[in-house]
Amino acid sequence: MASNPATTTGPTGGLDEKKHDRRSTSSNSASGTAYEHEDRIGGTSNKQHNPKNARLEASKKLANPLAGLSPERLEKMGAEYAHMAGLTSDEDVRAFRLGARLAGDETNYDMIPELTEREKEVLVRETTHKWSNPPMLYWVVVICSLCAAVQGMDETVVNGAQLFYKDKFGIGTDSQRDTWLLGLVNSAPYLCCAILGCWLTDPMNKFFGRRGTIFVSCVISAVACFHQAFTNTWWHMFIARFYLGLGIGPKSATTPIFAAECSPPKLRGALVMQWQMWTAFGIMVGYMADLAFYFVPDHGISMGLNWRLMMGSAMIPAVIVCCLAYLCPESPRWYLSKDRHQDAFAALCRLRFEKVQAARDLFYTHTLLAAEKQAMAGIKKGNRFKELFTIRRNRNAAIASSGLMFMQQFCGVNIIAYYSSAVFKDAGFSDVSALAASLGFGVINWLFAIPAFYTIDTFGRRNLLLTTFPLMSLFLFFTGFSFWIPEDSKAHVGCIALGIYLFGIVYSPGEGPVPFTYSAEAYPLYIRPIGMSLATATTWFFNFVLSITWPSMVTAFKPQGAFGWYAGWNIIGFLFTLFLVPETKEKTLEELDHVFDVPLKKLVRYGVDQSLWFFHRGKNGKGVRPTPPSAEMYHGDAEKMGEVVGEAAHEERQLGEGERERRWNKEREREGGIMGRGDAAGRV
């Protein structure tokens, strides 16, 4: 299963950013005085910052550009934005005044007397009942879940169909030619995603919008699935499956972004996990379709009918999405990118209970877009790509996230997702039993993805991987070695199925959801789109490599060697995680800068120390847990930052209202105006 290639910026990508922002407002003051003090930390003025520090400081400002502003300033900014956007009714202006104040610090709503009891109740329930939302938001969730199911079915209906079409197309022998051609046909969509599909995501989103991109990509998927059902040669099937990748790539990149941009901040992380879970559900449904159509007679259809129905069945959920996509509102953030502020507010009002909630989220998003434009000024895209590798903080994030994306493929899960029916058949299962056993894997993969909702934010990303990689390796070795059990023994097929199922149980909450969640949060905001593009291309390319090589590998190495090969890669994945993947659970943007801005040798040393501590603790129950290499650096800087911001806050309290107003206007003029003009902000 491919990871989610969500390319996210700002309030997307599974990060509960507003929650994180409130934890770090002391290090993100937006007042002019605070900025001046911040820039002098360590005795260095703002003008003396090198490009590396300038980029990271810009990224920090993006974390919450409203932090530190007084309630009066926020209310005035909200009213100004409402008039600029053409939302001039008294009700709308009030909503934006109060919404802007909530956007600055939504925890102090009890201190806002103008809020009605109903508005306060809704704001409280955002925290205490985060799943209590308007029906339209859940309609968006349904659309996104169906898109994930489309992706899952697109990936796995081929699992059962290839049992038939490989012989019909004359590529069913164990010859080198046939095994490579079978792998090429099966891997065609992922080749297209890696070289073309993923790179169409950005232009399609700009031209069609989020809903439009989902609609167009599902149309492409439906047509490609229909086309697959009418092919009669291997190269014809290759063409149909290749352009299926034009639907898989943009859809898989856009859908999580669409869900995140429509959802409240506290729900974003859970909706990112929804993508993985419902993709697993679609994979299970694909196995069900294979089994359901197995016994369909040919009815005189040349080269068989059952496999054609299997391949064509994946178009059904895609057609359903096409029919339903435009019944939900467009992403408010996309409307803002087109300077359509009134449409954005109308869309958010359908997705929130109260206007003050919609005004809060729209004002914050608009402000963040303006801050992004200010932060990106003068940074060329080519320079940002270069900085992905030349700045240590970015480079370490790229190594960790791309390595995990690579390991999501080379952990071996997709040899089961795409070829499990053939594996079970080689183990001695009948065709029907092989399809039923594959369905069992699909059910396990879906059910055991559910615990990740809890474990990924409690147990942690790194700990999940360190726990599951050794187990995945063990179970793949067990599966491969089970092929040496005599075929006339009942243990032969039982142990092979058991090994595959146990592998699915530990994959689903670990290497399944972690890589794309980790990648979405690892990069600083100013470079996140490029970093996620790299991660996306990595996972699709190696998905293609795995898919095209498995038929030849299992012929050359036999099942024992082929499963052993990927079991060995899981050991490498464990060592990679231990030495090069720091923990990102519950880290703010500033903390992540410290987490990744550490020399690799210190990360490796921490991995060694952690291994020794674990060994000694297991041996005698003693030992001191090692401290992550970023912790001491972070706490030292945080203490210094707290002193600086405290001084700035004290200084501002001594000023009169007129002086504060004068400094505020001067600061806005110096920075280009965080609010900016509507047309400028809309083009971000």
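**Nonpolar cores and aromatic pairs**

In this predicted model, the largest nonpolar core holds 100 residues, of which Tyr165, Phe503, Trp550 and Tyr566 touch the most other members. Such a core joins buried Ala, Val, Leu, Ile, Met, Phe, Trp, Tyr and Cys residues through side-chain atoms within 4.5 Å. Buried means under 20% relative accessible area, exposed over 50%, partly exposed in between (1.4 Å probe, protein chains only). Helix 25 (residues 528-580) supplies the largest share of this core, 14 residues. Helices are DSSP runs (H or I, at least four residues), numbered from the N terminus. A second, separate core has 28 residues, including Leu69, Tyr81, Ala344 and Phe345.

Aromatic pairs number 34. Rings of Phe, Tyr and Trp (its six-membered ring) pair if their centres lie within 6.5 Å; planes under 30 degrees apart are stacked, over 60 edge-to-face, the rest tilted. Phe207 and Phe208 pair edge-to-face, because their ring centres are 4.9 Å apart and their planes at 90°. Phe207 is exposed at 66% relative accessibility; Phe208 is partly exposed at 36%. Trp278 and Trp446 form a tilted pair, 6.0 Å centre to centre with 45° between the planes. Trp278 lies in helix 11 (residues 265-292) and Trp446 in helix 20, so the pair ties together parts 168 residues apart in sequence. Trp278 is partly exposed at 23%, whereas Trp446 is buried at 19%. One aromatic cluster includes Phe406, Trp550, Tyr566 and Trp569.

Residues are numbered from 1 along each chain as its sequence is written; side-chain values use heavy atoms, without hydrogens and water. Local features need pLDDT of at least 70, side-chain atom pairs count only at pLDDT 80 or more, and totals for chains, interfaces and linings use all residues.

Notes. Helix = DSSP H or I, 4+ residues; strand = E, 2+ residues; numbered from the N terminus.
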